[in-house]
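Here are my notes on the model you sent over. Have it open while you go through them, as the points move from one element to another.

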Amino acid sequence: MASLQEGLAWLQTRLGASSPNQGVQKFGTFAGVYIPTILTILGVIMYLRHGQVVGNAGLGGAILIVLLAHIITITTGLSVSSIATNTRVGAGGAFAIISQSLGVEVGGSVGVPLFVAQAVSVALYVIGFSEAWLIIFPTHSLALVAFITFALVGFIAFISTQFAARIQFLILAIVIFSLISILLGSFPIAAHTGLTETPQLWGTFPRWGFWQAFTIFFPAVTGIMTGISLSGTLRDPRTSIPSGTLGAIATGLVVYLVLAYWLARAAAPADLADPGNRVLVDKALFGWAVMAGMLAATFSSALGTLVAAPRVMQALAQHHILPYARTFMKETSTGEPRQAMLATLVIAFFALLFAVLAGGLDAIAPVITMFFLLTYTMLNVVVLVEQTLGMVSFRPTLAIPRIVPFVGMTFCVFVMFLVSPTFSLVSISLMIILYGYLARRSLVATHSDVRSGLFMAVAEWAATRLDRVPKAPERTWKPSVLVPLKTTSALVGSYRFLHAMTAPQGRVHVLGLVTNGTERLKDLDLVTHSFGDDGIDARLTILHAEDYAEGVRAATQVLRSTFFRPNILFLRLYPESDLGELQTLVDRTAAYHMGIVLLARHPVIELGRERLLNVWVSPQGPDWKPDLRLSNMDLAVLLAYKLQRNWRGKINLCMAVPDAETEQKASRFLTDLVTLARLPENTEVFVWQMPFEEALRQAPRADLSSFGLPREPDLAFSQRIVEVVDGSCIFVRDSGDESALA
């Protein structure tokens, strides 16, 4: 292994690449963005398929295809350029841009298909080189030429990015000379007839339909991703990406439009549509120059894409999106991601094998088209979101109108479904599945993104409109619990119960109170964040107050005006509790429109098996209407349902009555309550004709018993109930916004 590394280092030095002691070389605009981008744009499609597009679609149809494709790339290029002038684009190009705005999960769900598309593009360009080679040497084997070319491209890219960049200067010169030779073929000089045909405005589409022709052509303009994907190797991405990308797009647009006109004037549509046509070679002033440019451009496209794709893979690995991330994120001392390069070569090899077996260039072009359209869509979405949020942090030096990313996004989606509705749905579904997988992995981002601003904007929009619609708290109710405490241990001791109260969709507002200058809230933030790990929204506030009751009162008053205000005050009742302090809190809460849950846990049994709940219902008024508001039982029934579902337990509805007549009414009332409140089918009803305390002793043993808390509660009596029940109890009072029957 050591000798192999020494050999590679020697070869890098001989080929003009960076030596290990030189460090990582960075590129400027021309070498780092413009050349790899323009050489990929002016590549295999221009030499081998543009003539067929003109022959099938006619001059007008070909121009329409070119313009439609460039509407997408120009708007996307402007969007990328705007983002690049607002923030430093990290390694990974489009993946980095999307991750820095919409989060690493969204970036990964787009970045993985982008990487695959770029790896498959290597096979596309190798096949293009091989088809060009067969024009010169028609007796050679397509498969043999393709795999030899693939090996050579892989060898050069594996050696050094610097060496690949040096080769591309020579290739650019060859391509420019071939284009000059084509233009000189327009004139009747040196035995050439020049341009003699009358262009056909709209073609007959003998081989491809319009959208199939568009699909075949579109990979020509996906080259803008090549330069962007090299963002990690640029000295100044903020300047180089806009200048190089937009310059290459403009150059490519002019070349393809001029070349479409030249082809339409140079040969008849039937000759152009023929897959084996040699119009560019035969009509150019120097046919050999076109052949050289064809081979050089297709070879360069494969080389440029093979250099760019591993950088995207390396960036994905650095965020631990891919398996074996530690392997693929490694690079040499000269900045070469060798492991990622090998993985790209493996994918490209199998894509090449498929293309050879399936019929060549046209077999893999639709795959590349779809994944690049998906990437372009998300790049435009990023800018549209940033512009819509209007945050101060988004102030690009290249500002573009909002219509630009909107048009780019709309055209991308429109074209995707016109090209292939089925494949579009499959591609989008794969991206959504990948996003769901990445979201569950809780990836750690190395940079901030705008998701919080996006959610805040949505919340602000919802808050402003909430005041304009009729209130319906009974239908929208969910537990939002305020938990005041003096010690972290108090939250740890109540954690499981609070979790069962609020999961799923509930919220916990933890209020840490520092009184008399004494703080016992160590690691309170860690315990609070644990609710978030369990899928429950949790917030922490630390408040310094003169005493406990005053701190809770102040926090409650402030939180009343918030959008997601607490609707339940959670308190603990201990044997040693200061009943006067608790009584003060309970009395004041009535004025704040908040429910109360007072938990008294048994010192030995605690919450037992967390299975069985006894809910004690007070006798109703004389008419026994199915309404729990008068008896203050709505919140108790709703919490019982939440606890039963999270504990997977059972509810017993219990009542003590004074006589036989009332017993019949009570049984009927509780049975109806099970139906009207939509309680589980296994809910049982118990009614005892005896005094309340005696009924407490007769009731089935429960892990938790629930009781109503009157407006003027007697907390000493509540402590007495805990002793009689010999188990944990909660005492519940409604806020008035709940309804168990809603």
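1. Start with helix H29 (residues 715-725), whose buried residues are Leu715, Ser718, Ile721, Val722, Val724 and Val725; buried means under 20% relative accessible area, exposed over 50%, and partly exposed in between (1.4 Å probe, protein chains only). Why do they sit on the same side of H29? They cover an arc of only 165 degrees around the axis, which puts them there; the arc is that of the directions from the helix axis to the C-beta atoms. As background, an α-helix has 3.6 residues a turn, so residues three or four places apart point the same way.

2. A word on what you're looking at. This is a predicted model, so local features need pLDDT of at least 70 and side-chain atom pairs count only at pLDDT 80 or more, while totals for chains, interfaces and linings use all residues. Residues are numbered from 1 along each chain as its sequence is written, and side-chain values use heavy atoms, with hydrogens and water left out. The protein averages a pLDDT (the predictor's confidence in each residue, from 0 to 100) of 81, and 86% of the residues score at least 70. Go carefully with residues 1-23: pLDDT stays under 50 there.

3. Now the sheet. Ten strands form an open sheet with mixed pairing, in the order E3-E2-E1-E4-E5-E10-E9-E6-E7-E8. Its edge strands are E3 (537-545) and E8 (684-689), each pairing on one side only. Helices (H or I, at least four residues) and strands (E, at least two) are DSSP runs, numbered from the N terminus, and two strands pair if DSSP finds at least two bridges between them.

4. Further in, strand E9 (residues 704-708) and strand E10 (residues 729-733) pair in the parallel sense over four bridges. Gly708 stands opposite Val732 in E10.

5. Helix H24 (residues 548-559) lies across E1, E2, E3 and strand E4 (568-572), at about 140 degrees to E2. Axes are lines fitted to C-alpha atoms, for helices over the stretch in contact, and angles run from 0 to 180 degrees between N-to-C directions.

6. Last, Glu663 in helix H27 (residues 660-676). Is Glu663 exposed or partly exposed? Glu663 is partly exposed, with a relative accessible area of 27%. Leaving aside neighbours within four places in sequence, Glu663 is in contact (heavy atoms within 4.5 Å) with Val657, Val687 and Gln689. Glu663 and Phe686 are 23 residues apart in sequence, and their C-alpha atoms are 9.9 Å apart in space.
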